[in-house]
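Please look at the sequence and the model together while reading this report. It is meant for a reader who is new to protein structures.

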Amino acid sequence: MCGIVGFSGFRPAANILIQGLKYLEYRGYDSTGIALMVDHKIQIKKSQGRIENTEKLMALSSDQFHQSTSGIGHTRWATHGKPSTENAHPHKTGHVVLVHNGIIENDLELRAGILARGHFPLSETDSELIGFLLFDEMERGHSLEVALRRVSQTLVGQWSIVIMSEREPGKVIGVRNGSPLVASIDSEGNVMVASDAQPLLPFTQSVTFLEPGEMVVGTPGLLMFFDLLTGRKIHREPTLIKWTADRMEKNGFPHYMLKEIYEQPKVFTQTLQEVLLPSSSEPFNFANEKNSEILLKAEEIILVACGTSWHAGLLGKYWIEKIAKIPVQLEYASEYRYRETCLRPSALVIGISQSGETADTLVVIRDMKRKGVSTLAITNVQGSSLAREADAVVFTHAGPEIGVAATKTFLCQSLSLFLFAAFLASKRTTQNSDVLSRLRRELNFIPKILNNISNSTIKNSESSEILRAINPILNSLGSVKGFFFMGRGHCFPLALEGALKLKEVSYDHAEGHASGELKHGPIAMLDPSIVVVAIAPQDPWYTKNRSNLEEVKARGARILGIGTYGDTYLQSICDYWLALPAEAQSIHSDLLPFIITPYIQLLAYARGVQLQRDVDKPRNLAKSVTVE
Ligand code: M6R
């Protein structure tokens, strides 16, 4: 969704804003723009499409433009009005210029009022309307801050706005009412605001997350926070972010997606080490007491999430019910929030979201808290709304994920849920200690196996062993009408995730199915134009999967099998074959999802690259879905 940056300080702002927007690219966008204060006058460069288009316009600008030390920038993901240069931000009304993230729900009423007062908006956006409101307030004699506070009271919806005015050059003001906003001041006195911490990290790791209803005012050397309603100055403690700017670079990889898939051995270890107590007599003791307490009280667990996070939730449900014997309900956040639900007072609602900003997931957590139900968040982003609003939080330590398609964060979410299951099993003694000790021991082997799979020291995709196996398969497929992913047990969530990943980055038609469900409908579509990706390791569901594979074979569909090393039966029935590593044979079947995950991700990645898609920034997708 939209991204905001603002800068005011002692350095030329243009490139800082552009670099900041590049850090926000992952959120998804269709147009971009920046506004700079040049000699007390606002100059705007904006365009549809990639940031590079705006950069080209900037290259034609004067030296003064490039020397300006304050400005604001924006990446737009269209909601009100098509993607176009006119609708791109910043929007200027008289001496005021603004960028906006979120949705103004009372835009129709506001537009009618603005037209009635004789103004003529140039764009179809809800955002531009705010500029007219600000302008009118300032015409009534209010300062920029007061005008913004007064206008904020009239806006309905979830939003963040950052503004500047030619009347107060050098001042950048931001307000948050829903959509996230982060501010910082570095040791030189450069102030920045942005939609997330990433654009600020090259300057400082000490950042302040605004709460809804707060305003930040930045001028060179000074950053102040205010309550939006009362206008009172408030003190806000900064948060120290552990991520560094270099973790946001591609480091020689052709794509972020590949880099992030290859980072999985490292981030798996990090998450394991951070979530569990390092030296403990019990194999699955949590490092954080609050997390332990809240989990132990739960007699029923409700997992809420969207997209890939929901798939991690499905794995979590299977693990928690099997290992810890606690009933788990898994819900799409966008459904759960709108339906009548009934929960026991002892229930725990867990929101899973890599970004921690997904509007639907966040609203469920807020609603539940309001109802007095315990809430816990699993998220990758420190300072995110979900992390701050839930009663307790478990961070996945995946580091920044720039590729829009979630990869390493999925693995870390899944791992966190597995650790919940094992922790609860250990405390509730639903598994004997030998089983738990084995699981703990074998979790330590997973990074090594993942490392062998991705061969992460090799950045050239052709040289990685698994891609060397996948690429010839994809090259020999010829025409394909669609991909069906199938799996049973723990491999069903992976089938769903494999299909989602493939469609996201290749735009191929792909569906994920529980193997046993194929014959209840989807089987009607099978013929040689369909490739069935069968995730069928030798696990407790293996023999049932074999029968389903025979049914697929009999309908003439082609089968790409992902299975246990040395499985000659599976290999013989499959048209194409990807064997799991030999060392995975001795791993407990509960842990196999961690080993299979890079296979489905790399398959999607390789297909996207084969079809020359923009795998890091697939069309129409946003990394952080902050609208409902
Ligand atoms: O940030 P979240 O985990 O809450 O995001 C949820 C979904 O929007 C996200 O997983 C989406 O499905 C991604 N495009 C997956 O690659």
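## Basis of the model

This is a predicted model, in which local features need pLDDT of at least 70 and side-chain atom pairs count only at pLDDT 80 or more, while totals for chains, interfaces and linings use all residues. Residues are numbered from 1 along each chain as its sequence is written, and side-chain values use heavy atoms, with hydrogens and water left out.

## Around the ligand

The ligand is surrounded by 14 residues, where a residue counts as near if one of its heavy atoms lies within 4 Å; the closest are Ser309, Ser353, Ser355, Thr358 and Glu504. Because domain 2 (256-454) and domain 3 (465-610) both give residues to this shell, the ligand lies between them, the domain bounds coming from an automatic or database domain assignment.

Polar contacts are pairs of N or O atoms within 3.5 Å. A polar side-chain atom of Ser353 lies 2.6 Å from an oxygen atom of the ligand, and a backbone N or O atom of Gln354 lies 2.8 Å from a ligand oxygen atom. For Thr308, a backbone N or O atom is found 3.0 Å from an oxygen atom of the ligand. The protein covers 92% of the 410 Å² of accessible area that the ligand has on its own, as given by the Shrake-Rupley method with a 1.4 Å probe.

## Two backbone features

Most residues other than glycine have a negative phi, and most peptide bonds are trans. Asn251, however, has a positive phi of about 50° although it is not a glycine, and a cis peptide bond, with omega about 0°, joins His89 and Pro90.

Methods: A polar contact is a pair of N or O atoms within 3.5 Å; within protein, one must be able to donate a hydrogen and the other to accept it, and residues adjacent in sequence count only if both atoms are side-chain atoms.
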